[in-house]
Amino acid sequence: MADQNGTISDFGLTKPFFLIQSSKNIFLPRKSHTLPVTRKFTIGRSRNNDLVLDNQHISSSHAQLSWNKNQWLISDSGSTNGTFVNGERIREQAIVPDDVITFGTCPIRLKLTEKPPPSLKPLILLIAGFVLGLGSFYFLTQTSENAEVTPESEKTQGTTYQVTPQSQLQKPVSKTAPPANISPAPVTSSAPLRYENPTSYRSLPILNFNEMLYNQVDKTTMYRYAINPDVYILDFPSLYIQGRSMNRIMALIEDVRTPKDRVLSEFEFEKFLKTHALSTEGFNLGHDYTSHHLTQFFKLTEQHGIALRPEEKQLKALLVKHGLINNDLSDISEEDKKVIISMTQQTIEFDKNNNEINVTLDTRKSVLRHELSHGEFFSNPSYREYSENFWNNEIPDYLRRRIRRFLTDLGYDISDKTLTINEMQAFLFHTDHESIFSAQDIGITIKELHEIRKRFFEGLPNSLFIRDLQS
């Protein structure tokens with residue numbers, strides 16, 4: 001109910017609170033707001049809005065929030081770049097807890113939550129403060145005079161990953177016996193490689209899942225996938241070399257916290273890692289991109305004069321050598337578009353903060369399964385269509401919201417619906433290593449996760465890809 005001043009009352013609190021997540025420098029002149037229930041709450045760049053977002057992608061009068069018939073409505077005010085709910089552009093839409101609202105192309109997220117944290121007094125529209133650097137935090141502002149603004153702890157960014165056969169979902173990940181003539185790669189006691197010499201590239205080996213899993217290399221090596229030759233696999237000798245080669249590509253293509261129209265300089269990227277407590281080794285355990293994505297990355301570095309790292313130069317030479325990108329960075333023809341995924345050898349490494357990162361055989365297996373599913377999604381139209389239909393028709397609304405929240409916490413840009421569905425199928429159906437993904441991450445029980453996986457695989461057309469992963 002509303003008090004005489006038209007603000008939410010703590011008497012029978014029924015209206016959820018809001019959180020702001022931002023990954024840009026946004027000027028917010030006020031630290032707290034009370035939410036008017038007797039009028040609309042305005043959002044935009046103009047100083048006469050209730051919430052001022054000082055960013056070029058935000059219109060002067062961008063959007064409005066209002067309370068109507070016991071629900072919150074978000075409506076676009078004719079903005080240039082649009083208002084999005086869970087990645088889909090809207091004119092007006094009712095919103096519920098766990099919905100994520102994006103304004104224009106600026107990754108600011110207004111998030112409705114069921115109830116305020118225990119430390120907050122009721123009666124407040126939660127919005128928040130001045131965000132430094134490329135931070136991606138939730139800021140909570142309470143009404144007491146001594147209120148503190150505390151960033152919510154973030155999950156480690158960007159690990160990737162697996163599915164075992166249905167019968168093994170509750171069991172520890174088993175170690176499959178290596179194929180004949182291929183020995184398992186041991187975890188060596190020597191320090192992992194921090195650099196490597198340029199290699200002379202030969203014809204690419206064509207391997208199945210188990211052959212790749214147990215193959216040992218001491219330099220960056222590329223394979224083609226026997227089940228789907230349009231998928232190329234980069235096998236790096238260490239997390240450090242993989243990170244130096246691929247991390248800035250991931251920041252450009254998938255991470256919502258970084259610009260999408262330019263590549264971060266070396267200084268900017270190191271600052272980004274520090275801001276988010278990330279490291280070169282731990283930023284991502286695996287990667288997946290199309291030849292178009294890689295062409296875009298190298299083209300932008302040339303256009304803006306961004307120096308390539310030595311590892312990125314070697315990656316570019318390897319991609320050109322095998323026809324995955326053109327030497328002049330012109331667009332790849334449709335029939336020549338390929339998918340490039342990556343993983344690392346078994347390794348134990350320590351980042352600059354002395355945190356141990358251990359890639360075991362089970363971890364490598366999880367990464368390879370997860371990334372191969374991305375390769376299938378990008379290159380097999382029938383598998384992609386099946387995944388899209390499953391997302392739209394088989395996953396309930398509440399679970400879609402939780403999956404989006406999970407991906408947002410990892411830094412993924414959920415305004416990209418294709419990216420969202422691609423990551424959904426990889427995490428939900430090809431990842432069961434609990435240190436990477438579990439039912440708890442999306443707020444469901446193990447039994448519920450098993451049931452949704454069972455439905456996915458039962459409806460999936462007969463697939464050599466799935467049979468190879470489960471061999």
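Guide: A residue is called buried here when its relative accessible area is under 20%. By that cut-off, 55% of the 471 residues in the protein chain of this predicted model are buried. The chain has 11 helices and 18 strands. Of the contacts between residues at least 6 apart in sequence, 63% join residues at least 24 apart.

The largest pocket has a volume of about 590 Å³. Its lining consists of 25 residues, and Thr290, His293, Phe378, Arg384 and Thr418 lie nearest the centre. By class, the lining has 11 charged residues, seven polar and seven nonpolar. At least two lining residues come from each of α2 (239-253), β15 (287-290), α4 (291-303), α6 (361-379) and α9 (417-430).

One of these elements, α6, also packs against helix α7, which spans residues 381-393. The axes of α6 and α7 are 5 Å apart and meet at an angle of about 100°. Angles of 65 to 115 degrees count as roughly perpendicular, so α6 and α7 are described as roughly perpendicular to each other. On the α6 side the contact is made by Ser373, Glu376, Phe377 and Ser379, and on the α7 side by Pro381, Tyr383, Arg384 and Ser387. Three of the residues in this contact are nonpolar, three are polar and two are charged.

Definitions and conventions
Residues numbered from 1 in each chain as written. Predicted model: local features only at pLDDT ≥ 70, side-chain atom pairs only at ≥ 80, totals over all residues. Heavy atoms only, no water. 1 Å grid on protein atoms, 1.4 Å probe; cavity = no way out; pocket = protein on both sides within 12 Å on 5 of 7 lines; lining within 4 Å. Points joined across faces, edges and corners; volume = space filled by probe spheres on them. Helix = DSSP H or I, 4+ residues; strand = E, 2+ residues; numbered from the N terminus. Nonpolar A, V, L, I, M, F, W, Y, C, P; charged D, E, K, R; others polar. Axes fitted to C-alpha atoms, helices over the stretch in contact; angles between N-to-C directions. Parallel < 35°, antiparallel > 145°, perpendicular 65-115°, else oblique. Contact = heavy atoms within 4.5 Å. Buried < 20%, exposed > 50% of the residue type's maximum accessible area, 1.4 Å probe, protein only.
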